Amino acid sequence: MVGPVVQLVGPEHSVQIGGVKLLGFNAANAHKLLFTVIVLAALYLLAKVLRGIARAFGGDRQRTAFWTRQGISLATFVLGVAGLVSIWFDNPSRLATGAAVFSAGLAFALQKVVTSFAGYFVILRGKTFNVGDRIKMGTVRGDVIALNFIQTVIMEMGQPPSEQQEDPGMWVQSRQYSGRIVTVSNAQIFEEPVYNYSKEFKYIWEEMHIPISYKDNRDRAEQILLDAVSRHTQEIEHMAQPELDELKKRFFIEAADIKPRVYLRITDNWVELSVRFLCGTHDIRGLKDKISRDILRDLDKAGIGIASGTYEIVGVPPIKVETMPVPHDEKDERKAA
């Protein structure tokens with residue numbers, strides 16, 4: 001008489017199929033597997049509920065929502081690890097052996113993943129950047145829109161013309177969104193510097209360069225630049241001054257003047273006027289567009305033109321023109337014609 005195809009054998013109730021005993025699969029492990037599924041499902045539902053509560057009471061504040069999501073993710077991750085360890089490693093000796101084997105395999109096979117995971121905690125603990133910050137990480141510039149355990153997600157922006165040669169290729173010639181969403185490994189913070197445009201001081205200094213002829217009124221041109229910049233940056237200066245004062249108290253930095261200033265540079269062909277001013281980290285292109293329009297209008301009114309490359313011919317070699325007599329035969333032929 002043929003026995004059942006699937007049966008439990010031995011003191012540990014191991015599963016046997018068709019006379020073949022399945023190694024490691026027994027009734028105890030089946031119960032642990034069932035508890036694991038229940039724990040994971042409970043943690044998933046708990047995370048969904050907590051995120052729903054956070055959205056209901058947190059409002060639309062971007063930073064609050066970001067840190068709430070990070071806290072919920074970390075809490076559910078820790079609870080999940082603790083639950084799985086409690087279920088599967090009820091014996092301390094098995095726990096130590098399993099942890100050693102897991103750590104060795106993890107360190108060898110998942111080096112980049114472990115480094116990225118460590119970078120996540122360095123970013124949070126060191127406050128390297130936050131969601132909404134404008135940064136350059138690796139070769140990517142843009143605004144941070146998400147941060148997870150392994151990667152940072154950035155909404156990419158373009159590059160100024162002077163930096164267009166950098167990789168990757170960029171077709172947007174200003175600091176505006178290109179439309180590409182880029183994911184960067186958190187491990188980058190251990191390999192390359194991270195440039196943060198808005199961490200402690202949410203403003204940057206910008207410059208515009210205007211060349212004029214040596215014959216034009218330089219004082220008038222300088223005043224035109226200062227007036228145009230001041231009209232559009234006065235409110236920014238008022239908002240930035242308290243933050244700059246606080247920055248000086250916290251860090252050892254030299255005093256920085258936020259008032260617009262014009263610097264002159266002598267070149268072979270023109271006088272270059274460079275106006276330096278403070279602006280926000282966003283919509284810089286729009287601000288420079290308004291300033292440029294005012295500068296051009298006022299320069300035209302003052303009769304001052306934008307200089308371009310000039311070349312002077314300092315001498316011309318003498319040119320000698322000689323006439324050659326026409327032979328008689330050719331004269332007769334012309335007359336006959």
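Predicted model: local features only at pLDDT ≥ 70, side-chain atom pairs only at ≥ 80, totals over all residues.
1. Residues are numbered from 1 along each chain as its sequence is written, and side-chain values use heavy atoms, with hydrogens and water left out.

2. Take a look at L46, V49, L50, I53, F57 and L79: together they make a nonpolar surface patch with about 570 Å² of accessible area. Areas are from the Shrake-Rupley method with a 1.4 Å probe, and for residues only the protein chains shown count as cover. Patch members have over 30% relative accessible area and no salt bridge, and nonpolar side chains (Val, Leu, Ile, Met, Phe, Trp, Tyr) are joined within 5 Å; a salt bridge puts a Lys or Arg side-chain nitrogen within 4 Å of an Asp or Glu carboxyl oxygen.

3. Helix 1 (residues 27-58) gives the patch its largest share, five residues, while L79 sits in helix 2 (residues 62-88). Helices (H or I, at least four residues) and strands (E, at least two) are DSSP runs, numbered from the N terminus. L79 is partly exposed at 46% relative accessible area, where buried means under 20%, exposed over 50%, and partly exposed in between.

4. In helix 6, I284, L287, I291, D294, I295, D298 and L299 are buried. They lie on the same side of helix 6, because their arc around the axis is only 130°, taken from the directions from the helix axis to the C-beta atoms. The face turned away from that buried side carries the exposed R293 and D300.

5. Finally, helix 6 is followed by G303, which has a positive phi near 70°.

Conventions
Patch = residues over 30% accessible without salt bridge, like charges linked within 9 Å, V, L, I, M, F, W, Y side chains within 5 Å. Buried < 20%, exposed > 50% of the residue type's maximum accessible area, 1.4 Å probe, protein only.
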